[in-house]
Amino acid sequence: MRGVNTWETFNAVLARALSDPSPPDAIVATGDLVQDETRAGYEKFKQSLESCDIPVYCIPGNHDAPDIMNEVLSEPPFQVGGQARHGNWSLIFLNSFSPGDDGGRLSQDELQFAEECLKTDSATHALICIHHHPFPMGSRWLDGVGLRNSAELLEITDRFQHVRGILWGHVHQASDRRRKGIRLMSTPSTCSQFRPNSDDFALDARPPGFRWLDLRINGTIDTEVVWLE
Ligand SMILES: [Fe+2]
């Protein structure tokens, strides 16, 4: 894609993360796993990750084919959407895929699912993962394809004190800020990046990357972005 062999950069990112002295307990793949909507694409993704022996949580993005994704990634270590527990943390994976739209939307079912998880789960801390950005990135073209009903999501998260972070993909750039004590993070792409604050579509020269998340027992999130120079 745009001169990048995304299969190679994805595998390079994965190798880098897995060879870390303290390797990950789980992987969150924040969507747009496959661009061409082919079963073969998801099979390749599966092939790369199935020997990892750690959970791989996946959420669909605008470029995904959710039906094929659900079929191919239906068995452990893969999980598409839903919820997971790690220690005293609850991870909630929301599906913002909206057919025919590069922007995202959470259905009423999905919003209700988020609310139920936050209401009934006894976990002390919660992290919400979603493909589309619920907050403007300051980039006109990208902000035209964000999460269209983010106000409905925030109306829910604002009611629960134990939401510690919201994490998204989609924007091909790293960002990290806070709102009402909640950590808001985007993660870079495993292929090419988009130029931050650009009104029109533009690529950034930054290399492929990924984000570490250390979910601490006290509810803080230690996080760092790694760029594959
Ligand atoms: Fe996307």
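Helix α1 spans residues 6-18 and has 13 residues. From first C-alpha to last it reaches 18 Å, close to the 18 Å expected at 1.5 Å a residue. The expected span is 1.5 Å times one less than the number of residues. This is a predicted model: local features need pLDDT of at least 70, side-chain atom pairs count only at pLDDT 80 or more, and totals for chains, interfaces and linings use all residues. Residues are numbered from 1 along each chain as its sequence is written, and side-chain values use heavy atoms, with hydrogens and water left out.

**Two helices**

- Helices (H or I, at least four residues) and strands (E, at least two) are DSSP runs, numbered from the N terminus.
- In α1, the residues Thr 9, Phe 10, Val 13, Leu 14 and Ala 17 are buried.
- Buried means under 20% relative accessible area, exposed means over 50%, and partly exposed lies in between (1.4 Å probe, protein chains only).
- The buried residues of α1 cover an arc of only 135° around the axis, so they sit on the same side of α1.
- The arc is that of the directions from the helix axis to the C-beta atoms.
- An α-helix has 3.6 residues a turn, so residues three or four places apart point the same way.
- Helix α4 (residues 108-120) also has 13 residues and reaches 18 Å from its first C-alpha to its last, close to the 18 Å expected.
- Buried in α4 are Glu 110, Leu 111, Ala 114, Glu 115, Cys 117 and Leu 118.
- Their arc is only 160° around the axis, which puts them on the same side of α4.
- The face of α4 turned away from that buried side carries the exposed residues Gln 108, Asp 109, Lys 119 and Thr 120.

**The iron site**

- The protein donors of the iron ion are Asp 32 (OD), Asn 62 (OD1), His 131 (NE2) and His 170 (ND1).
- These donors lie 2.1 to 2.2 Å from the iron ion.
- Donors are N, O and S atoms within 2.8 Å of the metal (3.2 Å for Na, K and Ca); water is not among the atoms, so sites may look incomplete.
- The four donor atoms make angles of 88 to 158°, and the site is irregular.
- Four donors count as tetrahedral if all angles lie between 85 and 135 degrees; four count as square planar and six as octahedral if opposite donors are over 155 degrees apart and all others between 65 and 115; anything else is irregular.
- Along the sequence, the donor residues are spaced D-x29-N-x68-H-x38-H.
- His 131 lies in the loop between β6 and α5, and His 170 in the loop between β7 and β8 (175-179), so this pair ties together parts that are 39 residues apart in sequence.
- His 131 is buried at 0% relative accessibility, and His 170 is buried at 9%.

**Aromatic rings**

- Rings of Phe, Tyr and Trp (its six-membered ring) pair if their centres lie within 6.5 Å; planes under 30 degrees apart count as stacked, over 60 as edge-to-face and the rest as tilted.
- By this rule there are eight aromatic pairs.
- One is Tyr 57 with Phe 93, a stacked pair at 4.8 Å centre to centre, with 25° between the planes.
- Tyr 57 is in strand β2 (residues 56-58) and Phe 93 in strand β5 (residues 89-94), so the pair ties together parts that are 36 residues apart in sequence.
- Both Tyr 57 and Phe 93 are buried.
- Phe 135 and Trp 168 have ring centres 6.1 Å apart and planes at 40°, so the pair is tilted.
- Phe 135 is buried at a relative accessible area of 10%, and Trp 168 is buried at 0%.
- Phe 10, Phe 45 and Phe 78 form one aromatic cluster.

**Backbone details**

- Most residues other than glycine have a negative phi, and most peptide bonds are trans.
- A cis peptide bond joins Pro 76 and Pro 77, with omega about 10°.
- Pro 77 is in the loop between α3 (66-72) and β3.
- Glu 37 has a positive phi, near 60°, and lies in the loop between β1 (27-29) and α2 (39-49).
- Glu 37 is partly exposed, at 47% relative accessibility.
- Asp 53 has a positive phi, near 70°, and lies in the loop between α2 and β2.
- Asp 53 is exposed, with a relative accessible area of 72%.
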